[in-house]
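Work through the exercises below with the coordinates open. Try each one before reading its solution.

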Amino acid sequence: MNKDLEHLKILSMCYYISAGITALFSCFPLIHLTMGILMVSGAFPNDGKGGPPPAFIGWFFIIFAAVFILGGWAIAVASFFAGKFIKQKRNYIFCLIVAGINCLFFPIGMVLGVFTFIVLLRESVRAIFDGSAPPLTSIGNAPADWR
């Protein structure tokens with residue numbers, strides 16, 4: 001049981017780190033979003049050989065950049081909450097779903113997702129989330145009935 005709690009604590013920290021990294025990398029398409037806005041507004045720098053790029057290319061940049069940014073931020077928020085829920089030992093199914101989504105992102109997300117499945121699918125960990133595990137004391141994390 002003590003190892004399970006330690007593994008849950010480590011998983012929680014890893015989800016917080018993963019959420020931060022995901023949020024950071026999701027900001028990279030802001031460059032494309034800016035380029036698309038410049039193209040649509042006509043303020044895109046011109047090399048003097050022709051007119052500005054067609055507006056539909058700018059809209060293409062805007063739409064795809066917005067989808068990637070919002071999708072990345074949504075995954076970052078979900079990862080943050082998964083870390084919080086693992087720490088609080090609740091919302092078991094949500095944590096499993098986020099672990100599955102993280103498996104799509106190679107290599108860090110996949111490693112985190114697989115280790116989350118390994119830890120959360122143990123019967124002892126499931127009992128902790130269900131609340132059927134023996135209560136823990138604040139001293140030494142020994143179950144209360146062992147004293």
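**Exercise 1.** In which hand of crossing does α1 pass α3? Then describe how the two helices pack.

*Solution.* The model is predicted.
- The crossing of α1 over α3 is left-handed.
- Take α1 as residues 2-25 and α3 as residues 55-88; their packing angle is about 165 degrees, and their axes lie 8 Å apart.
- Angles over 145 degrees count as roughly antiparallel. That makes α1 roughly antiparallel to α3.

**Exercise 2.** Find which residues of α1 meet α3, and class the contact.

*Solution.*
- On the α1 side, the residues include L8, L11, Y15 and A19.
- Among their partners in α3 are W73, I75, F80 and I86.
- By class, this contact of α1 with α3 holds twelve nonpolar, six polar and two charged residues.

**Exercise 3.** Locate the largest nonpolar core and say which elements build it.

*Solution.*
- The core has 19 residues.
- L8, Y15, I86, L120, V125 and F129 have the most contacts inside it.
- Two or more residues each come from α1, α3, α4 (92-102), α5 (108-120) and α6 (123-130).
- α4 gives the largest share, five residues.
- Now follow L120. Beyond four places in sequence, L120 contacts L8, Y92, C95, L96, V125, R126 and F129.

**Exercise 4.** Is T116 buried or exposed? List what T116 touches.

*Solution.*
- T116 sits in helix α5.
- Buried means under 20% relative accessible area. T116 has 0% relative accessibility, so T116 counts as buried.
- Setting aside residues up to four places away in sequence, T116 touches L11, Y15, C95 and A99.

Terms used. Residues are numbered from 1 along each chain as its sequence is written. This is a predicted model: local features need pLDDT of at least 70, side-chain atom pairs count only at pLDDT 80 or more; totals for chains, interfaces and linings use all residues. Side-chain values use heavy atoms; hydrogens and water are left out. Axes are lines fitted to C-alpha atoms, for helices over the stretch in contact, and angles run from 0 to 180 degrees between N-to-C directions. Helices (H or I, at least four residues) and strands (E, at least two) are DSSP runs, numbered from the N terminus. Angles under 35 degrees count as roughly parallel, over 145 as roughly antiparallel, 65 to 115 as roughly perpendicular and the rest as oblique. A crossing is left-handed if the near helix is turned anticlockwise from the far one by less than a right angle, and right-handed if clockwise. Contact means heavy atoms within 4.5 Å. Ala, Val, Leu, Ile, Met, Phe, Trp, Tyr, Cys and Pro count as nonpolar, Asp, Glu, Lys and Arg as charged, and the others, Gly among them, as polar. A nonpolar core is a set of buried Ala, Val, Leu, Ile, Met, Phe, Trp, Tyr and Cys residues joined through side-chain atoms within 4.5 Å. Buried means under 20% relative accessible area, exposed over 50%, partly exposed in between (1.4 Å probe, protein chains only).
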